[in-house]
Amino acid sequence: MSTLRVIIAVVVLFLSGTAVATAAPKYERYVALGDSYTSAPGVLWPRLDRLTCYTSTNNYPALLADNLGLGSYTDGSCGGADTTNMTEPQVPPIPIGTHP
């Protein structure tokens with residue numbers, strides 16, 4: 001019986017000593033990268049400044065930034081992007097200029 005009491009006491013002490021973080025993390029800068037899966041072509045409404053990349057105003061980066069309460073963010077997603085575009089500019093699917 002005393003062994004059971006010791007085990008219960010240890011469990012109670014362990015659980016009471018475990019703190020749960022309640023403060024929301026603070027984000028200073030959010031940058032989204034990705035291909036057409038991220039840029040969300042065909043999802044209403046398209047970004048007028050990024051028509052050649054087929055980027056939607058309702059893509060995942062935009063929804064996440066809104067959910068986090070961010071006033072501004074950088075959306076670098078563009079249809080057709082691949083890993084080479086991490087270090088080199090991309091020629092978007094509609095080749096009018098380049099996407100940095």
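The lining of the largest pocket splits into five nonpolar, seven polar and four charged residues. Here Ala, Val, Leu, Ile, Met, Phe, Trp, Tyr, Cys and Pro count as nonpolar, Asp, Glu, Lys and Arg as charged, and the others, Gly among them, as polar. Keep in mind that this is a predicted model, where local features need pLDDT of at least 70, side-chain atom pairs count only at pLDDT 80 or more, and totals for chains, interfaces and linings use all residues. Residues are numbered from 1 along each chain as its sequence is written, and side-chain values use heavy atoms, with hydrogens and water left out.

**The overall picture**

- The protein has three helices and two strands; helices (H or I, at least four residues) and strands (E, at least two) are DSSP runs, numbered from the N terminus.
- Read from the N terminus, the elements go α-β-α-α-β.
- Of the protein's 100 residues, 22% count as buried; buried means under 20% relative accessible area, exposed over 50%, and partly exposed in between (1.4 Å probe, protein chains only).
- Take the contacts in the protein with a separation of 6 or more, and 50% of them come from residues 24 or more positions apart; a contact means heavy atoms within 4.5 Å.

**The largest pocket**

- Rolling a probe the size of a water molecule over the atoms shows where empty space is left.
- A pocket is an open set of points on a 1 Å grid over the protein atoms alone, where a 1.4 Å probe fits, with protein on both sides within 12 Å along at least five of seven lines.
- The largest pocket has a volume of about 240 Å³, a volume being the space filled by probe spheres set on the points, with grid points joined across faces, edges and corners.
- In total, 16 residues line the largest pocket, and L33, G34, G76, N85 and M86 are the ones nearest its centre; a lining residue has an atom within 4 Å of a point.

**The disulfide**

- A disulfide is a covalent bond between the sulfur atoms of two cysteines.
- The rule used here asks for a pair of cysteine sulfur atoms within 2.5 Å, and by this rule the count is one disulfide.
- That disulfide links C53 and C78, with an S to S distance of 2.0 Å.
- C53 sits in the loop between α2 (36-39) and α3 (60-68) and C78 in the segment after β2, so the pair ties together parts that are 25 residues apart in sequence.
- The link of C53 and C78 is left-handed, with -85 degrees about the S-S bond.
- Both cysteines, C53 and C78, are buried.

- Most residues other than glycine have a negative phi, and most peptide bonds are trans.
- L44 and W45 are joined by a cis peptide bond, with omega about 0 degrees, and W45 lies in the loop between α2 and α3.
- A40 isn't a glycine, yet it has a positive phi of about 60 degrees; A40 is in the loop between α2 and α3.
- A40 counts as buried because its relative accessibility is 13%.
- Y54, also not a glycine, has a positive phi near 55 degrees and is found in the loop between α2 and α3.
- With a relative accessible area of 36%, Y54 is partly exposed.

**D75 and its neighbours**

- D75 is in strand β2 and is buried, at a relative accessible area of 9%.
- The D75 side chain makes a polar contact with the side chain of N59 at 2.8 Å; a polar contact is a pair of N or O atoms within 3.5 Å, where within protein one must be able to donate a hydrogen and the other to accept it, and residues adjacent in sequence count only if both atoms are side-chain atoms.
- The side chain of D75 makes a polar contact with the side chain of S77 too, at 2.6 Å.
- Leaving aside residues up to four places away in sequence, D75 touches A32, R47, R50, T55, N59 and P61.

- Q90 lies in the segment after β2 (74-75) and counts as buried, at 5% relative accessibility.
- A polar atom of the Q90 side chain is 2.9 Å from the backbone oxygen of G79.
- Not counting residues up to four places away in sequence, Q90 touches C78, G79, G80, A81, N85, T98 and H99.
- T83 is in the segment after β2 and is exposed, with a relative accessible area of 68%.
- T83 and D35 are 48 residues apart along the chain, and their C-alpha atoms are separated by 9.4 Å.
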